[in-house]
Amino acid sequence: MKIGYPCVNVALDCSSSRTFRLASYSEERLIETVEQNLICLRRILEYNVQHGLMFFRLTSDLVPFASHEINKYNWQEHFKMTLRRLGSYIKNNNMRISMHPDQFVVLNSPNEQTVRNSIAELVYQCSILDLMGLDTTAKLQIHGGGAYGDKPAAIQRFAEVYHTMLPDAVKARLCVENDDRTYTLQDCLQLHELTGMPIIFDNLHHECVNNGEPMREAVQMAATTWDLEKDGILMMDYSAQAPNERRGKHIQSIEEQLFHDFLVETEGLDMDIMLEIKDKEESALKALEVAKSLGRLQLV
């Protein structure tokens, strides 16, 4: 088991998500911004290694406007060596990496332009992982999309786009996550049957909408969709419900007893856990201690 957090390290005085307005786009601005983002990413990765946080989600904003038609610059060639060095650091320290494209990435949209834009974003994020030299256990995580009044048809449309429009490199990394409103674990299992994509399991989303599966059983069902050799072990997102907030809103700081109880409930199931909790590495460090106390961490 590896534990981590997404994108932002609150303790550090830098961000790997720096961007700028589309109206002020220039190649010089792009190069300067990406350079700073990658410098900060290195600092975050070093912090994580020093503190035993071996799972990390890269921000989608490493390269601003990478999938936008305005960006004609060959940033892949420009930053090839820097990305390769970052990838070597990740591999040498046995870290697990993922990326999670934003909500505008919807493969089953009836709007053709939305689908094309979604694929362009997936190609960009996949290229980051490819340029780092990471194997296909580094994943791209998306949601099922909309139901559009006919969920079975939307699921079929997703599968058709997957098979006819996605590059093989993207398909090798793509995973689907159960969400908190529309696509349950069972819906994701249908998508898995149609495409072979593994399922990233989200415990909070499962609590919001499900088909009656107990938590341990749900984790086991998601885990069976992962091929150990090409996908690695199950990735999952962990959070808890923020009190007095809308259903599905992530908690500000980890409740250690709840996390302890979740690990006890899933004893014997191997997984890498991404903490979707507002205070980022602060909660991840607490979760690490809970996992250590239960003997759940992978020794590296």
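**Questions about a predicted chain**

Me: Where is the place of Ala-66?
Reply: This is a predicted model, where local features need pLDDT of at least 70, side-chain atom pairs count only at pLDDT 80 or more, and totals for chains, interfaces and linings use all residues. Residues are numbered from 1 along each chain as its sequence is written, and side-chain values use heavy atoms, with hydrogens and water left out. Helices (H or I, at least four residues) and strands (E, at least two) are DSSP runs, numbered from the N terminus. Ala-66 has its place in the loop between strand 2 (55-58) and helix 2 (75-78).

Me: Is Ala-66 buried or exposed?
Reply: Buried means under 20% relative accessible area, exposed over 50%, and partly exposed in between (1.4 Å probe, protein chains only). Ala-66 has 16% relative accessibility, so Ala-66 counts as buried.

Me: Which residues is Ala-66 in contact with, leaving aside its neighbours within four places in sequence?
Reply: Contact means heavy atoms within 4.5 Å. With those neighbours left aside, the contacts of Ala-66 are Asn-71, Trp-75 and Tyr-124.

Me: What separates the C-alpha atoms of Ala-66 and Gln-125?
Reply: Along the chain, Ala-66 and Gln-125 are 59 residues apart.

Me: How many helices and strands does the chain have?
Reply: Count the DSSP runs of each kind. The chain has 12 helices and eight strands.

Me: Why is the chain as compact as a globular protein of that length?
Reply: The radius of gyration is taken over C-alpha atoms, and the globule rule is 2.2 Å times the number of residues to the power 0.38. For 300 residues the rule gives 19 Å. The chain is as compact as a globular protein of that length because its own radius of gyration is close to that, at 19 Å.

Me: Which residues of strand 4 are buried on each side?
Reply: Strand 4 (residues 139-143) is mostly covered, with five of its five residues buried. Both of its faces are covered. One side has Lys-139, Gln-141 and His-143, and the other has Leu-140 and Ile-142.

Me: Which residue in strand 4 does Ser-98 stand opposite?
Reply: Ser-98 lies in strand 3. Two strands pair if DSSP finds at least two bridges between them. Strand 3 (residues 96-99) and strand 4 run parallel, joined by two bridges. Ser-98 stands opposite Lys-139.

Me: Why does Ser-98 count as buried?
Reply: Leaving aside neighbours within four places in sequence, Ser-98 is in contact with several residues, including Phe-55, Arg-57 and Met-274. Ser-98 counts as buried because its relative accessibility is 1%.

Me: Which residue stands opposite Ile-200 in strand 6?
Reply: Strand 5 (residues 174-177) and strand 6 pair in the parallel sense over two bridges. From strand 6 (residues 199-202), Ile-199 and Phe-201 point one way, Ile-200 and Asp-202 the other way, and all are buried. Opposite Ile-200 stands Glu-177.

Me: What is phi of Asn-94 near?
Reply: Asn-94 sits in the loop between helix 3 (80-92) and strand 3. At 33% relative accessibility, Asn-94 counts as partly exposed. Its phi is positive, in a residue other than glycine, and is near 55°.

Me: Is Tyr-148 buried or partly exposed?
Reply: Tyr-148 lies in the loop between strand 4 and helix 5 (151-165). Its relative accessibility is 43%, so Tyr-148 counts as partly exposed.
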